[in-house]
Every structure is written in structure tokens, then in C-alpha cells.
Amino acid sequence: MHDASPKTWSGRFSEPVAELVKRYTASVSFDKRLAEFDIQGSLAHAQMLNKVGVLSDDDLTAITNGMSKILAAIREGSFEWLLDLEDVHMNIEKRLTDLIGDAGKRLHTGRSRNDQVATDIRLWLRHEIDALIHLAGELQRSLLDLAEKHADTVMPGFTHLQVAQPITFGHHLMAYVEMLARDVERLQDTRKRVNRLPLGAAALAGTSYPIDREFVMRQLGFDAVCENSLDAVSDRDFAIEFTAAAALVMTHLSRLSEELVLWMNPRFGFIDMADRYCTGSSIMPQKKNPDVPELVRGKTGRVTGHLVALLTLMKAQPLAYNKDNQEDKEPLFDTVDTLSATLRVVADMMRGVVVKPEAMRRAVKQGYATATDLADYLVKKGLPFRDAHEAVALAVRYAGEQRKDLEDLSLVELGTFSPLISAEVFEVLTPEGSLASRNHIGGTAPNQVRAAIARARNRLEEA
Ligand code: ARG
């Protein structure tokens with residue numbers, strides 16, 4: 001990028017902008033990413049100006065042709081972006097004027113960069129949200145495939161990271177499918193507020209030209225127009241909402257990642273991860289490190305940081321447009337890039353997870369995971385729950401001393417803790433018995449897990 005002709009707005013200035021200031025205030029190095037949407041917005045604006053009689057047919061034709069040349073140059077990478085022209089809007093407008101002359105200078109009639117940039121970001125973000133929703137669906141499919149294979153695989157469920165009760169690995173994975181389904185709902189909801197048209201607000205107060213905002217709205221596929229011109233140019237709620245939704249997706253993926261890291265540790269040994277998702281150590285030859293889930297955890301902080309950056313950007317900003325708002329783009333762009341790369345990588349990583357059911361079962365057996373089942377058994381035989389809890393606590397203590405699991409105690413041994421215990425107790429003391437008994441919607445019984453998977457698949461089909 002190098003310097004070119006004087007600034008579009010330089011007429012009233014008596015000395016040129018300092019080099020340092022030029023570099024400090026320019027945004028083209030990053031906002032050129034909005035180029036295609038900027039052109040889309042400009043074409044809709046030009047069509048509207050023509051429709052209301054402000055722009056001639058010849059001018060509209062010239063603008064349309066000029067823009068298609070510019071678009072082609074941008075796509076093939078031959079467009080020359082000039083720092084001197086500050087941002088994506090003025091770079092494109094200047095090039096258009098070079099190509100078609102005065103018609104290019106008429107394009108900006110009844111418009112300001114303030115409503116132009118707000119429109120561009122919304123068009124861009126709408127496009128990206130749709131792509132992210134698709135990627136979140138792909139990740140759900142990847143989790144569903146693994147959950148389906150392991151609808152019966154016993155593992156310990158944890159609370160406080162201590163063995164709590166038996167669950168299936170499929171059930172555990174389905175918790176993440178639920179989180180992602182809510183994430184998609186949030187993105188869809190955010191999209192409604194993204195999909196409103198600021199154009200027509202001009203600098204801040206509207207314009208004296210007889211514009212037709214509804215026409216532009218329809219041309220660009222927006223659902224509504226922003227109702228207040230001041231709000232239209234200064235509102236970045238939609239960017240904050242989106243980043244909040246994205247930070248929450250990342251937070252969910254960071255939890256999954258943390259679990260993968262734990263499960264892969266030999267102390268757990270529940271899974272192994274495909275080599276293509278791990279790295280070695282430059283000093284310790286034995287190492288296989290779960291770098292990818294660790295990075296997902298780390299990148300979560302980055303996206304949460306973008307959310308805080310945007311909230312801070314808007315805090316106490318007076319109406320209407322302020323140059324501060326130019327700082328909305330890099331956090332937004334990086335949020336989209338980080339989230340989209342993360343969704344892709346996690347979806348593929350889950351396909352490379354090797355499950356070790358024996359290790360999971362061993363962990364269930366070591367943690368008295370069916371103690372609650374024994375208590376429930378006694379309650380069903382008439383003992384008040386608190387008494388049952390106490391009897392089982394004593395049984396667990398005794399079994400611990402014997403270095404045995406509950407189901408390995410004899411009927412005589414178990415009988416010393418309650419006279420209500422008889423031979424069929426062993427049905428509830430096995431992990432399978434425990435799983436099968438949690439047979440209601442949302443429960444971990446394998447048939448319920450399979451039903452949940454089927455519902456989730458239907459939800460994805462319908463979307
Ligand atoms: N590059 C600016 C932005 O991203 C465009 C709008 C600038 N408007 C202005 N009056 N300086 O926000």
C-alpha cells in the first residue's frame with residue numbers, strides 16, 4: 001500500500017494529514033474484508049437513487065458496470081488498496097470514479113460512510129452467522145455419531161470431579177449436543193437483530209433526498225429498517241450480542257476440551273486421541289500432548305476478550321457515530337475466524353477420538369458409583385431415604401476397608417447393614433442395572449440416550 005491522491009474530504013484542510021495520523025486512522029488494511037458487501041450495498045443504494053429519480057439510467061448502468069470490474073479485480077487479487085484512501089469505502093469509490101468519471105462521484109448522494117459501514121458489517125455478519133450455524137451443525141453430527149456408538153458404554157459420571165454415578169459415554173456427549181443446539185438458537189436470534197438496514201440514516205439525521213429505504217431493505221434481504229437514524233449509525237448491539245454468543249460457544253468447547261485433556265491423561269485413560277491431533281515434546285521423547293484441545297481452551301479467552309473489548313468500546317459513547325466504532329471490526333473478524341476454525345477442528349478431532357471402554361468401566365467400579373442405587377433400593381423397600389443413606393455410607397466404608405466394590409460384597413456382608421437387603425440387590429449394584437433404571441426423558445438409560453440422539457438428529461434435519 002502506498003500514498004495516492006488527496007483525501008475525498010480534504011477540501012477544507014490547509015495542510016495534509018500527517019503520515020503518522022494517516023497510518024493511525026486508516027482501516028483499509030482490515031476493513032477491505034468487507035469489500036464484496038460494500039459493493040452489494042452500493043449497488044442497492046444506486047438502484048434506489050435511480051428509482052426515486054435522483055440518479056439517471058446512464059449513471060446507474062455506468063456504476064453497475066464499474067462495480068463489476070472492481071469486484072472481479074478484488075476477487076482475483078489485483079485490486080490496489082491504498083492506505084491514503086483510508087478505508088474500504090473510499091478505496092472502492094475512488095476506483096469507481098477513476099473508471100467511470102462523474103457517475104462514480106454521484107454514488108455517495110444521500111449516504112454517509114456512517115450508515116454505509118454499519119450496513120456493510122451487518123451484511124457481512126449475517127453471511128458469517130449462516131456459515132457458523134452450518135459448522136455448529138456439523139460438529140453436532142460428529143458428536144452424535146460418536147454418541148450413537150457409545151449409547152451403552154458405561155463410564156463414571158462425576159460431580160466435584162469425583163466418581164458420582166454410572167452414566168454412558170453417549171449420554172455425556174449428548175450434553176454437548178444440547179449446549180450446541182442452544183448456541184445455534186442464540187445465533188439465530190442474534191441474526192434477527194443483525195438483519196436490519198441502517199442505510200438511509202446518512203451521517204446521523206437522515207437525508208433530504210426522497211429515498212426509499214424499504215426498497216433498499218428488500219434489495220439487500222434485510223427484514224426491517226433501523227427505525228431511528230441516530231441509533232442506526234451508532235448501534236453496535238448486534239456485534240456485542242454476536243460476540244457474546246460466540247464466547248459462549250467457545251466456553252462450551254473449552255469444557256469439552258478440558259475433559260478430553262483429562263480423559264487422555266493415563267490416570268484416567270478413558271480415551272486416546274488420533275496422532276494427527278497431538279504433538280510431541282522437543283525434549284521428552286515419551287510425550288504425546290493434546291495441543292489442540294489445549295488451544296481451544298486458550299482461544300476461548302481470546303474470544304471472551306473480544307466481547308469485553310466491544311462492550312468497553314461502546315460504554316459511555318455519546319450519540320451518534322464516533323470514530324471509536326472503527327475499532328469494532330478487528331474483534332469481530334477475529335471472533336468469526338477463531339470460532340469457525342475451532343468448530344471445524346473440534347468436529348474433526350471428535351472423529352479421531354479412540355474410546356477405551358474397559359478403562360471407563362474400571363473407574364466406575366473403583367468409585368462406588370452405584371451407592372445411590374443401593375440407597376434407592378432400600379427406600380423402595382420402605383426405609384426412609386436418610387436412613388438408607390446412612391446404611392449405605394456404612395456399607396461403602398466397610399467395602400473400602402475390604403478393598404472391594406459394593407457388588408463384590410456377599411449377601412451376608414450386605415445384610416449386616418440392613419435386614420431389607422436380599423439377593424436381587426445385585427441387579428441394582430451393577431453399572432448396567434443402575435443405567436437401565438434411569439429410564440425417563442433426559443436420563444442415562446441407553447434406550448433414552450438413543451431416543452435423545454434420534455430427537456437431536458431430527459432437530460438438525462429440520463433446521
Ligand atoms: N472506516 C470507518 C469505520 O469503520 C468508516 C466510517 C467513517 N466515518 C467517518 N465519518 N469518519 O467506522
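Visitor: Which helix gives the most to the shell around the ligand, and how do I read that?

Guide: Helix α7, residues 113-149, gives the most, with 3 residues. Helices (H or I, at least four residues) and strands (E, at least two) are DSSP runs numbered from the N terminus. This is a predicted model, in which local features need pLDDT of at least 70 and side-chain atom pairs count only at pLDDT 80 or more, while totals for chains, interfaces and linings use all residues. Residues are numbered from 1 along each chain as its sequence is written, and side-chain values use heavy atoms, leaving out hydrogens and water.

Visitor: Which residues are around the ligand?

Guide: A residue counts as near a molecule if one of its heavy atoms lies within 4 Å of it. Here the shell is made of Ser27, Asp31, Asp87, His89, Arg113, Asn114, Val117, Tyr321, Gln326 and Lys329. Sorted by class, these are 2 nonpolar, 4 polar and 4 charged residues. In that scheme Ala, Val, Leu, Ile, Met, Phe, Trp, Tyr, Cys and Pro are nonpolar, Asp, Glu, Lys and Arg are charged, and the others, Gly among them, are polar.

Visitor: What are the distances from the ligand to the side chains of Ser27, Asn114 and Lys329?

Guide: Look for polar contacts, meaning pairs of N or O atoms within 3.5 Å. The side chain of Ser27 places an N or O atom 3.3 Å from a ligand nitrogen. Asn114 has a polar side-chain atom 2.9 Å from a nitrogen of the ligand. For Lys329, an N or O atom of the side chain is 2.6 Å from a ligand oxygen. Taken alone, the ligand exposes 330 Å², and the protein buries 85% of that; such areas come from the Shrake-Rupley method with a 1.4 Å probe.

Visitor: Where are the domains in the protein?

Guide: Domain bounds come from an automatic or database assignment. Here it gives domain 1 (10-109), domain 2 (114-362) and domain 3 (368-456). Domains 1 and 2 each supply at least three residues to the ligand shell. The centres of domain 1 and domain 3, taken over C-alpha atoms, are 72 Å apart.

Visitor: What does UniProt place at residues 11-305 and 368-435?

Guide: UniProt annotations may be inferred rather than shown by experiment. An unreviewed UniProt entry gives "domain: Fumarate lyase N-terminal" at residues 11-305. That span is 63% helix and 7% strand, with its end C-alpha atoms 40 Å apart. The UniProt annotation for 368-435, also from an unreviewed entry, is "domain: Argininosuccinate lyase C-terminal". Residues 368-435 are 63% helix and 0% strand, and their end C-alpha atoms lie 14 Å apart.

Visitor: How many bridges join β1 to β2, and do the strands run parallel or antiparallel?

Guide: Two strands pair if DSSP finds at least two bridges between them. Strand β1 (154-159) and strand β2 (162-168) are joined by 6 bridges and run antiparallel. Pro156 stands opposite Pro166 in β2, and Phe158 has Val163 as its bridge partner. The two strands form a hairpin with 2 residues between them, and His160 in the turn has a positive phi of about 55°. Leu161 is also in the loop between β1 and β2, and its phi is positive at about 60° although it is not a glycine.

Visitor: Which peptide bond is cis, with omega near 0°?

Guide: Check the bond from Leu319 to Ala320. Ala320 sits in the loop between α12 (291-314) and α13 (329-351).

Definitions and conventions: Polar contact = N/O pair within 3.5 Å; in protein donor to acceptor, adjacent residues only side chain to side chain.
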